[in-house]
Structure formats: C-alpha cells, structure tokens
Amino acid sequence: MEYLCKNLGSYKLHMINTNNFKQTIVKVIFRGPIRKEEITIRTFLESILFYSSKKYNTRRKMLIKEEELYSAGVYVDSRRIGNEYETSFGLVSLDDRYTEKGNFEASLEFFSDIIKHPNVENGKFDSKSFNIVMNKAALYLSSKKEDKDSYSIDRLYEEMGKGTPVSFTDGYIEDLKTITRESLYEYYKKFVSESDMDIYVIGSMPFEEVDPLIRKYFRPTKYKKRMSDFFIKQDKKRIKKLKVIEEDNVTQSKLNLGYKLYDMSLDEKEYPLVLYSIILGGGADSKLFKDVREKNSLCYYIYDVINNYDNIMRISAGISKESYEKCVKLINKNFKNMEKGLFTDEDIEKAKEIYISSLNNIYESEEGIISMYSSMDLFGSDDIETRKRKIRKVTREDIVKVAKKISLDTIYMLEGDK
C-alpha cells in the first residue's frame, strides 16, 4: 500500500494505492467550525443533494444511473469533531478491472455532478425534492425521543456541556421550520465556498491516473487557509456534581455518567487512556461488566466511551430505577480502583491485545484506512506500526496517571416508571 498527498490549493488530494479491494472509494470531505444555528440546515442540505441533482432531477433517475454504473454507490455522512463539523460525500465504484475501462471516470463524473450541480432553478431548490426531504427531516426530529438510548445520551451532553458544542445534537425542529428553498441554496453556496476540503481516493488505480481525473471533476481554486481548533478544553471542575433525573414511560432506565478529561496530551489519550477505557468498561472482561452486571446483577448492559476531541468520557448503563443508588456506588468504586492501580498485569496485557487487534482490523476496510490517514493529517497521529510499538510500552503507572486526570461532572438518568 502506498500513500501520496498533494496540496492542490483549495483542497488536499490524498491518494492510497492498494490491490486489496475490488472497488475504488472516493471521499470528498467538507469541514468547518460548528455553529448551532447551522446544524439543521446543513443536515438538510446533505440529504437533498443526494436525493436529486440538476441532471438527474428525480430520485428514480439517480438510482437508474447508479445501476448503469455497475451498481455504483453514493452516500453522505457527517460528524462533529470537537469544535468542527465534518461532512463526507462518498462514492463506491467497482474497479475498472472488473467492469470496463472508463467506468470509474463515469462514476466520478456522476458523483461530482451531485455535489457541484444541485437541483436548483431560479436561485432555489426544486420544490418536489425539498418537500420530500422536509417531511422526512420533520418526522425524524419529532420522533428523536423515541430512541431512549440516544435521547438519554444527548440529554447528558446537553446538561454537562451547556454553552459549548458538546451540548449540540444533530438537528432542531424549530430551526427546520425556518428553512426555505431560497435560504437552502444560499447556504449551499456558502458551504462549498467557505469549507475546508480534502479528497481521499483509495483503490488500485495508479497515482498518475487518479490525479488528473480528480482535478478534472473537482477543479482546484484559490486556497483559503483557515486555522482549525478541534479540541474542546475542559478547564473548570464542577465543585458539586450535577445530578439530573428525568422521568419517562420506559421499562428500562437509562443511566449515563459524564466525566471530563483534564490536561491530557494527545499521546496520553491515544495510548494509556485507551487501555484505561478497555480495562474499566470495554467489554465482557471489563471491571464494570464483571462487577456491576455479572457479580451484582444491577444492569442489563454497561460500557464506557472516550471522546478525545471533547475531552469527555461517558459510562452508560441500562438499569431498573430501584438499582440507581447501588449502581452509581459500584461505578464510583471501580472508578476509584483504577486511580489506585487496582488492576492486574493480565488486565493490561489483554487490553493491549485488544488494542493491537483493532489496529490490525484497520487494514481490512477502505474506510478504516482513510480514517487512519485523515487522523495522521489533521492531528499528527502516529502510523499503525508506531502505535503498536508505543502501546506495548505503556505501563501501569501511565494508566494510573491518566486515571487521576478524569473527573466526574454530571449524572443523568432517564428514569422508567414501570
């Protein structure tokens, strides 16, 4: 596998050459500072761009074209990375080795047409596409509370991250109501002109063939340099921990504990903190699973999650409301035990094996490889072999050191009444 990055002015072109897959994937990534008032309209834009385009002005025409291109696939996904918002448009095209010469270029042309030439007439989006996407968005946003797990996690972050991007969700019904066909097109123009941009291509096609094709369909323009600040710094410890209990008509209560990470380096978060997370709540061998679920039967599930960009850790559990006090007490006990180094050498070695296995799995998918090179480019993350070498060197003392930099901030429970 070979990697080459070229700065073409308005975007960076990242090319990854490998014969390990039968398809070529192109990802066009737009990135910019996150603003709460733009989240809903940005999500709406992502959906409508992939519903129809100027040339393929109905959903049916787009699907027929995808089939003609040997079932080429186009998709969009988005995520918040700390203070930034990232939208990725993707193309999956069967390699020309298995179709015919020129299929990739035809797929790329179709893909670029979707992004660059939306279904717009007289300065506003097509009414039929707009209304269909609007109805779907309204249905989704009005029914978000029905997914109790996601809702409870969102509520935890709203409480512990008030006034920061941590509290933002993926859309707001009140903002949806203000979107018009005209305002959506104005936002589209701002989106494509002001966002930072990266293009990733992974497949068997040689670099010298990929480069001119990408330049042809995504013509570079003048570069606008922008300083990005991804990481949200947690600089204030809450003296009195926040406790929020919300009642709902559910059988299983949703318990979420939010912790903040203080003064951790990138290396600490990428190595000892990962092992800490695996040992504490990373699976069936973790301390929380064995103690809270197996030994004391206080939860249906329990796990922890680290968010490096927000400097936050979350512990989530599904419990009966009667188990609340005991469950929190046991979680706190295990949390304190990690600070004291009360875990075995075997725990550390098992966690290292899990970490290294996950690194090896990165090579098994195109998306994993793209994500790896993106992290290296944006944050200066280490390559896979360096990460394996560094994780093997992590000691008990390193894990205890990061454990002492984690502080409980907020407890939120969606309490069932059954």
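Residues are numbered from 1 along each chain as its sequence is written, and side-chain values rest on heavy atoms, with hydrogens and water left out. Since the model is predicted, local features need pLDDT of at least 70 and side-chain atom pairs count only at pLDDT 80 or more, while totals for chains, interfaces and linings use all residues.

A salt bridge is taken here as a side-chain nitrogen of Lys or Arg within 4 Å of a carboxyl oxygen of Asp or Glu. By this rule the model holds 37 salt bridges. One of them joins Asp310 and Arg80, with 2.6 Å from N to O. Asp310 sits in the loop between strand S11 (301-307) and strand S12 (312-319), and Arg80 belongs to strand S4 (residues 73-81), so this pair ties together parts that are 230 residues apart in sequence. Helices (H or I, at least four residues) and strands (E, at least two) are DSSP runs, numbered from the N terminus.

Asp310 is buried at 3% relative accessibility, whereas Arg80 is partly exposed at 23%. A second salt bridge, between Asp382 and Lys390, has its closest N and O atoms 3.0 Å apart. Here Asp382 is buried, with a relative accessible area of 16%, and Lys390 is partly exposed at 29%.

Lys162 and Glu159 make a further salt bridge, with 3.5 Å between the closest N and O atoms. Lys162 is exposed, with a relative accessible area of 60%, but Glu159 is buried at 14%. Both residues also belong to a salt-bridge network that links Lys145, Arg155, Glu158, Glu159, Lys162 and Glu246.

The next feature is a meeting of two helices. The axes of helix H1 (residues 36-49) and helix H7 (residues 181-194) come within 10 Å and cross at roughly 90°. These axes are lines fitted to C-alpha atoms over the stretch in contact, and angles run from 0 to 180 degrees between N-to-C directions. Angles under 35 degrees count as roughly parallel, over 145 as roughly antiparallel, 65 to 115 as roughly perpendicular and the rest as oblique; H1 and H7 are therefore roughly perpendicular to each other. With contact meaning heavy atoms within 4.5 Å, residues of H1 including Phe44 and Leu45 meet residues of H7, among them Tyr187 and Phe191.

Finally, attention turns to strand S13 (residues 406-416). Two strands pair if DSSP finds at least two bridges between them. Strand S9 (residues 242-248) runs parallel to S13 and is joined to S13 by 7 bridges, with Glu247 standing opposite Glu415 in S13. Strand S10 (residues 253-261) runs antiparallel to S13, and 8 bridges join these two. Within that pairing, Asn256 has Tyr412 of S13 as its bridge partner.

Methods. Buried < 20%, exposed > 50% of the residue type's maximum accessible area, 1.4 Å probe, protein only.
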